[in-house]
Structure formats: C-alpha cells, structure tokens
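Colleague: I have a model open and would like to learn how to read it. Please take me through its features one by one.

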Amino acid sequence: MSWIVIVVLAAGTYALRFAGPVLRSRITVSPAVGRYLTLAAIALLAALIGTAALLDGTSFVGVARPAGVVVGAVLAWRKLPFVVVVVAAALTAALLRLAGIQ
Amino acid sequence: MLRTSDPIVRDVGALCAAAVVVGLSFGAIATAAGLPLSQIVVMSAFVYAGGAQFLAVGLVSAGGTALAIILAGLLLNARHLPFGLAIGNETLGDARWRRVVGSHILTDESVAFALAQEDPVRRRRAYWMTGVALFLTWNVASTLGAIIGSTLGDPDRYGIDAAFPAALLALTLPSLKDAAAVRVAVAGAAVALATTPFLPAGLPVLLALLGLVFALPVPRSSGRTDAAKETS
C-alpha cells in the first residue's frame with residue numbers, strides 16, 4: 001500500500017472525527033436539537049448493530065452470529081451485567097459453530 | 001480497590017479482550033496482504049478505525065486503486081462526524097488537548113459507552129476510559145498480530161463477531177427510553193439492512209439517519225381528519 005493512501009486516510013478520518021465536536025461548539029444547541037443529535041447517534045448505532053449482527057458483506061451471515069446477538073440482547077434486556085452479555089453472545093456463536101452450525 | 005470494583009472498568013475490559021482477538025487478526029491479515037510492519041503500526045495508530053483498516057487491506061489484496069481505497073475508507077468513517085456532533089465537547093472536555101486527543105479516540109464503542117451513562121461526569125469518564133483503553137489495546141494487538149501472526153486464528157471461531165454487535169446493543173438499550181427513540185432505532189436499522197446489498201459500505205449506515213423523521217412530532221389526529229375533510 002502506498003504511504004500516501006495511509007496519510008490521506010488518517011488525515012481524512014481525523015478531520016471527520018474532529019469536525020463533529022467543533023461544529024457543535026459553534027452552534028447554539030437547544031435542548032430539542034440536542035435531542036435530535038442524540039437520536040441521530042442512536043440511529044447510527046442501531047444500523048451498525050443490525051448490519052453487523054445479520055450481514056457479512058452484503059449477504060446473510062448465517063445462524064450462529066445472529067443467535068449469539070439475540071442471546072446477548074435478551075440478557076441485556078433482563079439487565080444482566082455487560083460482561084455477561086458480551087461473553088454469552090460470543091459463547092453462543094462459538095458453540096453453535098463448534099456444533100457445525102454456521 | 002475502588003477502581004477494580006468500578007463497573008465501567010470491568011465492562012471496558014470485556015470489550016478490550018474482544019478487541020485483542022480482532023487486532024491480532026488485523027495484524028496477521030495485513031502482513032499476509034504484503035503490508036510492512038511500519039505501515040500496519042502507523043495505520044493502527046493514526047487511521048485507528050478497524051472497519052476502514054480491514055477494508056483498505058482487503059482492497060489492496062483485490063488490486064484496488066489508491067483513490068478507491070481512500071474514498072471507501074472515508075465513506076465508512078463518515079459516521080464519526082454525526083457521532084461527534086452527538087457527544088460534543090461536553091463529553092470530550094473543554095481543554096484544547098482534550099478536544100484534539102479526544103476526537104481521535106472516537107469510535108462506535110466509546111460513543112456507545114458515553115451515551116449509556118446518565119450524567120455528564122460519568123459520560124466523560126466512560127468515553128475517555130473506553131477510548132484510551134481501546135486505542136492502546138488495538139495498537140498493541142495489531143502490532144503483535146503483524147509480528148507473531150494471529151496465533152488465536154479466526155476471531156469468528158470465538159464468536160467475537162457476535163460479541164461486538166451484542167455489546168453495542170447492550171450499550172444502546174438504555175437510550176431507548178421512549179417510543180420516538182425506539183422508532184428511530186428500528187427505522188435506522190431497517191434502512192441500513194435494506195440498502196446494504198445495493199450501496200458501498202458505510203453509506204447504508206449513514207442513510208439510517210433518515211430514521212430521524214420518525215422522531216418528528218406526530219400531528220394530532222383530529223387536526224389531520226379536519227384537514228382531510230376540508231380538502232375533500
């Protein structure tokens with residue numbers, strides 16, 4: 001890979017990260033707007049969760065991963081500790097694969 | 001003593017353990033794709049975005065052009081801008097160095113950990129702890145992976161691919177306090193899932209912002225029926 005690619009990618013990514021807080025400090029954020037900005041983050045997180053849980057690239061990832069995420073989701077909903085959620089999700093997917101279920 | 005009993009420390013530790021496996025895997029895959037150690041180290045430290053790094057290495061292996069790699073990586077990372085807008089300096093801290101350094105450690109996970117906290121003090125603490133811990137973990141693990149190879153093998157074997165979405169889900173759940181937030185989240189995920197087969201990586205997640213229309217105040221139904229009557 002060319003060094004230029006890495007430098008531009010790093011600079012561009014940093015600019016994207018830096019721009020958000022700077023923009024927010026330049027505008028007056030009313031409680032209503034602040035609420036929408038938080039909701040925007042929730043929409044993005046939900047999209048990341050949905051695509052990461054179900055898709056590998058553009059196709060369905062198979063049963064093991066979504067099953068693990070569902071187990072984690074149920075435990076999180078039942079307010080079990082975060083560590084338990086993460087380990088249970090991983091363990092479910094890993095054991096299903098060990099059993100030959102992809 | 002107080003620190004180890006802190007739930008945030010324990011929670012961040014769990015996430016770091018998962019990140020170690022992915023970081024090792026990135027280092028090993030990047031090495032296999034022909035990247036020298038120096039590039040892997042610099043990439044992990046300065047691009048510092050797992051998804052974009054895997055994508056870039058994948059495109060290199062597939063013979064992608066420099067421009068294609070840059071555009072694809074930046075598109076995938078574009079979500080960091082709205083994430084930064086959502087957390088703001090209140091979470092990063094007002095000191096100049098906090099804004100400069102704090103921006104760099106913005107990831108899906110550090111934002112999710114911050115949003116999961118109720119008050120601003122805990123929010124800032126969670127953001128910084130997650131951000132710094134994940135940054136160090138990612139850099140050490142990807143460097144080790146490049147040097148010794150991924151001794152642990154494919155992260156999927158350990159279900160790490162299920163751990164990350166489950167972790168984000170657990171962190172996002174507390175934010176789904178009202179019906180509007182639930183509508184926005186469901187709509188956002190639906191838009192992203194429906195458009196992923198047709199659009200380049202990164203864009204479907206950005207389109208999830210369209211889900212925000214479901215947070216708009218709903219017109220009173222009586223007003224709508226009145227208007228309907230008038231126009232008919």
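Predicted model: local features only at pLDDT ≥ 70, side-chain atom pairs only at ≥ 80, totals over all residues.

Colleague: What percentage of the 232 residues of chain B count as buried?

Modeller: A residue is buried if 20 or more other C-beta atoms lie within 10 Å of its own, exposed if 12 or fewer, and partly exposed in between; the C-beta atoms are placed from the backbone. In chain B, 47% of the 232 residues count as buried.

Colleague: Which domains is chain B divided into?

Modeller: Domain bounds come from an automatic or database domain assignment. For chain B they give domain 1 (7-173) and domain 2 (176-232). The centres of the two domains, taken over C-alpha atoms, are separated by 29 Å. Two residues are in contact if their C-beta atoms, placed from the backbone, lie within 7 Å. Nine residues of domain 1 of chain B and eight residues of domain 2 of chain B make up the contact. On the domain 1 side, helix 4 (residues 66-77) of chain B gives the most, with three residues.

Colleague: How many residues of chain B are in contact with chain A?

Modeller: 74 residues of chain B are in contact with 59 residues of chain A. Helix 9 (residues 160-172) of chain B gives the most to the chain B side, with twelve residues. For the classes, Ala, Val, Leu, Ile, Met, Phe, Trp, Tyr, Cys and Pro count as nonpolar, Asp, Glu, Lys and Arg as charged, and the others, Gly among them, as polar. The chain B side divides into 52 nonpolar, 15 polar and seven charged residues.

Colleague: At what angle do helix 5 and helix 8 of chain B pack?

Modeller: Two packed helices are described by the angle between their axes and the distance between the axes. Axes are lines fitted to C-alpha atoms, for helices over the stretch in contact, and angles run from 0 to 180 degrees between N-to-C directions. Helix 5 (residues 80-92) and helix 8 (residues 120-148) of chain B pack at about 100°, with their axes 9 Å apart. That makes helix 5 of chain B roughly perpendicular to helix 8 of chain B. Angles under 35 degrees count as roughly parallel, over 145 as roughly antiparallel, 65 to 115 as roughly perpendicular and the rest as oblique. In this contact, Ile87(B), Glu90(B) and Thr91(B) of helix 5 meet Pro120(B), Arg123(B), Arg124(B) and Tyr127(B) of helix 8. By class, the contact has three nonpolar, one polar and three charged residues.

Colleague: How are helix 5 and helix 6 of chain B placed?

Modeller: Helix 5 and helix 6 (residues 96-104) of chain B pack at an angle of about 140°, their axes 10 Å apart. These two helices of chain B are therefore oblique to each other. Gly84(B), Asn89(B) and Leu92(B) of helix 5 meet Arg98(B), Arg99(B), Gly102(B) and Ser103(B) of helix 6. This contact has one nonpolar, four polar and two charged residues.

Colleague: Why is helix 7 of chain B described as largely enclosed?

Modeller: Eight of the eight residues of helix 7 (residues 108-115) of chain B are buried, so the helix is largely enclosed by the rest of the structure. Its cover includes helix 2 (31-54) of chain A, together with helix 1 (7-32), helix 5, helix 8 and helix 9 of chain B.

Colleague: Which residues have a positive phi?

Modeller: Most residues other than glycine have a negative phi. Lys79(A) has a positive phi of about 65° although it is not a glycine. Lys79(A) is in the loop between helix 3 (64-77) and helix 4 (82-98) of chain A, and counts as exposed, with 10 C-beta neighbours inside 10 Å. Tyr48(B), also not a glycine, has a positive phi of about 45°. Tyr48(B) lies in the loop between helix 2 (37-47) and helix 3 (50-61) of chain B, and is buried, with 24 other C-beta atoms within 10 Å.

Terms used: Residues numbered from 1 in each chain as written. Chains lettered and ligands numbered in written order. Helix = DSSP H or I, 4+ residues; strand = E, 2+ residues; numbered from the N terminus.
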